[in-house]
Amino acid sequence: MNFFSNGAPSYREAAGGVLPLAAPDLTKTKDRKTCKTLLFKAMKLTGLILLVACIHVSARTNAQRIAISVKNAPLQKLFAEIERKTSFTFFYDVTILKGTKPVTMEMRDASIEEILKIALSNQALEYTITDKTIFVKKERKGVAEAAPADTMRGATIKVKGVVLTEVNVPVQGANVTIKQTEKGTITNARGEFELSAVPAGGVLVFSYVGYAPQNFTVKDGSAIRIIMKVAQDELDKAVVQAYGTTTQRLTTSDIGKVTAEEIERQPVMNPLLALEGKVAGLDVNMTSGYASAPVKVELRGRATIDPRFTSDPLYIIDGVPLTISFVSGAPSYTTGSAGFALAFSGPAGGQSPFFSINPADIESIEVLKDADATAIYGSRGANGVIIVTTKKGKAGKTKFDLHLDEGISRQDRYWNMMNTTQYLAMRRQAFYNSGIAPSPLTDYDVNGTWDTTRYTNWQKVLYGGTGRNVNVQGSLSGGDARTTFRVAAGFNRVTSIASFGADQRASLSLNFTHHSLDQRLTIGTSNSFSYTESDLIGLPGNVLMAPDAPAIYDSLGNLNWAGWAGKYQNRYGENAFQFGSLKQPYTAKTNLLNSGLNIGYELIRGMQLSVGFGYNITQLNQVNAIPIASLNPLNNPAGSLLLGNNKNVNWNIEPQLTYNTQICRGKLSALFGATASRNTTDAIFIYGSGYLSDLLINNIASAGSTRTSEVYNEYRYFGGFARISYNWENKYILDLNARRDGSSRFGPNKQFGNFGSIGAAWIASEEPWLKKILPSAVSFVKPHGSYGITGSDVVPDYSYLSQYSSNQVLPYDSISALLSIINPNPNFHWQSNKKLEAGIDLGFLKDRINVNVVWYRDRSGDQLVQFPTPVFTGFGFVIENSPALVENIGWEFTVSAILVKTSKFTWSVNFNTSINQNKLVAYPNLSQSPYATGPGALHIGKQLNVTNVLHYTGIDPQTGQYSFLDKNHDGQIYWNPGYPGDDSYPVNLAPKFFGGLGMNFNYGHLNVSLSFNGKDQIGKNAYAAAGNTGPPGVVNTNEPVAILGKQWQYPGDATASYAKFAAAASGQSLNFLFRSDGIYTDASFIRLSNLSISYSLPATYLKKAGLQACSLFFHTNNLFVITKYQGLDPETQNFGSLPPPKTIVGGINFNF
Amino acid sequence: MQSKRRFGRFVRSIFSYSILGLLFFSSCNKLVTVPNPISSVTTTQVFSSDATATSAMMGVYSYMSQNPAFSNFQTTYLCGKSADELTDETGGNEIYDDFLVNKLTALNDGPTVLGAFWQSAYFDIYSANAVIAGLQSSTGVSSATRNQLTGEAEFVRAFCYFYLTNIFGDVPLDLNIDFNQTVLLPSAPQAKIYQQILSDLQNAQTLMISDFSLSNGWPIRANKWAATALLARVYLYRQNWDSAYLAANAVINSRQFSLVPLPLIPADGVPGAPSNGGPAPLSDSDVFAANSAEAILQLQTVNTWPYATQEGNFFVPYDSNSYANCWLTSQLLGAFEPNDLRRIDWVYSTDPGGNGIYYYCPYKYQIMAGNGWPAAENYTLLRLAEQYLIRAEAEANGAGGGSGAAISDLDTIRGRANLAALSPTMTGDSLMAAVQQEWRIEFFAEWGHRWLDLKRWGKAVGILDSIPYKKGRINSNQLLYPIPLIETQTDPNLTQNPGYN
């Protein structure tokens, strides 16, 4: 990455021993000169390497021979000449050349050694060659003739030193290795190390996760002070893993990372949405356009058969798991978890837990994918793990950041529907075709009840508003070597494009870390508190309403029931008028407190004992009033009130012992720990009815009668884990994980399960023999693989226990009633997920281009399913392990590249895509299971996400009805999947592939970034998704203009693609259409999910204002979608629900 | 070399620590043991006291009442269509129409038969079994409560099995709540089911109290008389005339119940066609009102839905302009004698087209919408009029006082409907015909009486085949509904009824 920079060297440069760049202690004047020279050389060197890389010079060995011809040339010139003709670089202090004699030589086909031997004879200089670098130094008496290897046998010295970061914070646990012997040590809590037996002239390699490694050549026994610099190379940047950090270079597992930078660019309230298209294999779907709506997240395909279990991964925020217990009925695979809103789901269909997390507080989000990465979370890692790390303070100058932005959201993708004239013409034709007259009771649109000169585009009425976005973020951070802190506050408000409803969040986060004076004790705490409020209403009406329908409100501002129902004022009018929800406000107020405390103590060098405590609590109060004013006055209605009281509490304790040491020529790190956690989920639902006045509606005590139900789950979890990883010379890396887990969701004796994984990586590009073969453009080659078993305990709590409940049954004779709720089964046990992965990471052009290719196979067996029992046993199923096996096989490709990098202009690109093949491999006795029948009936060998539909074969030219394929040739069309005579076939609904493309341009102070995401999928066409269930021309249902002229018009009309207009449904033809593939269409899309432009003001202006930095920006979200899909949005296919809006915000960032 | 040895030592120590650690973890069962749930109670807790055990029994009634299936509405509706009582528009829901035209198949009617009858009846049986089993193993429940609740649960179990065996024939006899012991039960012969019903009812009779003191005087929990009344019906169906006579006689003579007079003119003044929209005001004197004096057992309306009973909601049209969901067959309408008060009070007519074409629908339950709670109508399971008819039929077959007594009992029912007394000299077939006519009219659109009666009289095929839309379709196989397909699939030991394989 820092290819051109003269700052910290890349890992390769250093590991190759090219650059012993110890940052000097500037207090010691004698080193100052060296520093300058070194810097000069470093610049020259990087330039040279770049040149070499760019012209694709293949590597040559010491054996390369050249011709040289110089006359009376200073040594410096000779060296330059050699550098020009070979791939070697000289490294020396210019001062040593003082007083050397110029040389004259004429040689052909000479080796470097031969040339230097002659050139340096009688010069009191000596040289050594390491890799492609020639070190020239003053000859030492006594060892002058010794080869470098011999130095090791000579006198050794004891070396002491300290390793610090750029802001003088000690680095604990940094590896210090003697290059020549591969022996080494670990720094202690104060960053100190001590090494005996260092050969004079030996090279020490300092490395620490997330920092660029450094080399230092030992000259004498004086203390060394090493300043580590944060890695700039993508491969060496810190990546959060389970209980620790690693780098893409050294990890054996598969971890995707999204940085704060990428998250900040996107004007979304829910940070999960910022992940869309960013990580290969991670499918993120928004379920509706409400900012607080649940987000469905799925990693590498569906693994669980039971449709009640969501695909949600395990979420960990600063070490604290955010678990929401399964509450029966609330979650489902297709709609995702209802999140915090468990009592009732509300207009947004639930509430995402991440709506309470402020994206501005997030430092990074890591997605842990394979067995090696997730096995340490044992049973909870089966669906992958998403680790959210919040921003922490950094030692140094106290910084104050202020971010302000404001913007708008709109929807301007509309579907071209008929206007009133076209609509009425269609309706009249429909009556003619059906041979009936408009009914005075129902056909208000044509029977004279409604004003047929009116025209309303209902899409614009429903979605045509402009949403407002306001976002204010402020943070103060800083600290010193012992204490760092960050305090941040934010406010974010988004109003809906539906012109009613707003989502807002205020948050506060507080992090601090403190080290004791001897640095051995560390205490860190991170806390965030947020308050959110969603004021929503259920989206009223429907976009297919007749364009001549009356206004929503009457002249007095009341709901226009009378205007819609006409003179008959009967229940059909009630059906036609669908705006009652406009007066049925829903409010959800959520408090979330997430708090983590970590205490660590260094027992002995390299061994750290720590304990993490985590606690989070969510309280969500839901209120949904249904006042009399919102109901049809004809029915003498009474008001009602829905209250939801949700509380979710998690705590966990995790003691850990880590040990890092050098063993033989490798680094060993070991981790032992245990985790104990408890989750309680409590959802109370109160339904009050019989309110006789709207004035009393907000008081539950005023209800005529109330019904209450409560779901309370307690979930306890205990696990012990160990990880041992061994890294042999940064070449061979082995990682072993073991975990024993216990979960309260299982019956006695079935609670514990064992899980584990093995992961290995081989950094082949470190092998000298391979280096010789590889073209020099290839800078990094790492094949890696892992295999492991994780588990899953996704079953409702207490399923093993015989229970009674009052929830589903009302009091009888004023005595509370109890009913058995399940067939208990104490015998089910862990579901097992076996994950196999193989991949290769490649770096090109000094890691400027990184490519990762991964193949995986996840097999989920011992599936926890609803095992069918005859209904006469009381219940139709029990929870049981089925030997059913689900397989997900996939490929993931990730490329990140810096295409152009000059001092003024940078262009970088990243791309990812993934393909997943989901398959039900086996399911014994599938035909008797609940999954054998119904629209989602499963088939062996097919994927889980199927819908079973008839094959649509077009309009029958004779009848004008929809026609279908008689698959079994029994002479009749019959839809009833799983039953004999059925003509349906399965259609895959999971996306074929999906991915994202991001681009970032930097020109001077201007930064432009774009990110696209796309999916190849099918979905319900807008026509069906809008809930249209009648033939074209049926009452109060508008149609797209596109069907005009394409409807069937006369017997023998073979060109029609829509059924004949009809005022009433007749026969099964239409029912079957909605159970056929005729309603599925290509819903593939490419979305410009983010375009962001920012301009940072030049430093000269800032100084006057006392600013460190200041930037102006525009962020946009969902600017356009390229798709063939008709309707509002290919992703939110439900035409009735709120589509995702496009958002543009502009703002300013100050750093003081 | 040395380092290698050190490494080996290190690995060994890691392993031994890990094993120690794992041993430690496995003793940590406490950390993964949760306390009993709050939103539900364990079975042991339920049967630890009189109050909670009573709640479990209330759950059985409440579920029967709130679930619009076998024990609330569907038996009346679907059996009524299978017989010659009810009809509905064709071209609507085809699955339901299969009842109307008697063309059920195991294949496509599995879900309906399953949902409407099988599933809910067996869930009630499961719940009753759970109460019986829970009480048996409990020590914390007083013996009085234990007896009463056991009796109530046995009554419910017998009631459900009565309908199951009459609708399906041979069905599994499930008396256990452990699914491991019941999943593979075979179909039990009908005789065995009846044996169980009889033993349950006889036992329940002795266990239960003989008044409604436990439910504040309301007939909403089974007592001794409910068990006796059902026993009378079971004896009748088994043609045990003397026992049927004795049981019915005991109920009638208990003087706990009395026939409620029918109003000569409906409360709204318009015979058979109440005014638009407004349900007739109810009083305790209505036969189907809550706490009706005639009721031997009712299910209390527990739902706060804006109507009282599912039947009232479904059968009574929205207003006089609206179509009903379902209406009486012309055969049934033709069977009413002129001026029968039951025709006047219990039938509602509408003229949706405004063209003088009337539709008639059941109007026994009259609350269509919104009278709040507590509801003025409860759903009647057993009422006194049936005991008169049981006694009459038993007498007509030679029990008790013989034909004279039978005619007297029939006249009691007819008199209430403002009909003239029968000829006192009727005997044999003509008397039996009069008994059957009275069953048909008194219990039309009520609990599928007509369907069960036609079958037990052996007259079903003959009578139904004369109805045009049933003609040629109805055969003896159709008299038993199919065992739901999902059941024969999950339990291979079940026997499907003939004609459905």
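I looked up strand 48 (residues 993-1003) of chain A and found that strand 48 pairs with strand 49 (residues 1006-1016) of chain A in the antiparallel sense over 11 bridges. I take helices (H or I, at least four residues) and strands (E, at least two) as DSSP runs, numbered from the N terminus, and I call two strands paired if DSSP finds at least two bridges between them. The model is predicted, so I kept to its limits: local features need pLDDT of at least 70, side-chain atom pairs count only at pLDDT 80 or more, and totals for chains, interfaces and linings use all residues. Residues are numbered from 1 along each chain as its sequence is written, chains are lettered from A and ligands numbered from 1 in the order in which they are written, and side-chain values use heavy atoms, with hydrogens and water left out.

I then went to the connection. Strands 48 and 49 of chain A form a hairpin with two residues between them, and Gly1004(A) in the turn has a positive phi of about 55°. Opposite Phe994(A) I find Lys1015(A) in strand 49 of chain A.

What else does strand 49 of chain A pair with? I find strand 52 (residues 1085-1096) of chain A, in the antiparallel sense over 10 bridges. In strand 52 of chain A, Leu1091(A) stands opposite Leu1010(A).

Next, aromatic rings. I count rings of Phe, Tyr and Trp (its six-membered ring) as a pair if their centres lie within 6.5 Å; planes under 30 degrees apart are stacked, over 60 edge-to-face, and the rest tilted. My search of the whole structure gives 70 aromatic pairs over all chains. Trp458(A) and Trp564(A) form a tilted pair, 6.0 Å centre to centre with 50° between the planes. Trp458(A) lies in helix 9 (residues 458-463) of chain A and Trp564(A) in helix 10 (residues 561-565) of chain A, so the pair ties together parts 106 residues apart in sequence. Both Trp458(A) and Trp564(A) are buried (under 20% relative accessible area; exposed is over 50%, partly exposed in between; 1.4 Å probe, protein chains only).

In chain B I looked at Trp451(B) and Tyr481(B): their ring centres are 6.1 Å apart and their planes at 25°, so this pair is stacked. Trp451(B) is in helix 18 (residues 449-456) of chain B, and Tyr481(B) is in the loop between helix 19 (460-464) and helix 20 (485-490) of chain B, 30 residues apart. Trp451(B) is buried at a relative accessible area of 0%, and Tyr481(B) is buried at 1%. I also noted one aromatic cluster whose members include Phe70(B), Phe155(B), Tyr237(B), Trp346(B) and Trp447(B).

For charges over rings I require NZ of Lys or CZ of Arg within 6 Å of the ring centre and within 35 degrees of the ring normal. Arg300(A) lies over the face of Tyr856(A), 4.1 Å from the ring centre. Arg505(A) has its charged end over the ring of Phe355(A), 6.0 Å from the centre.

Last, chain B as a whole. I find 20 helices and nine strands there, and 59% of its 501 residues count as buried.
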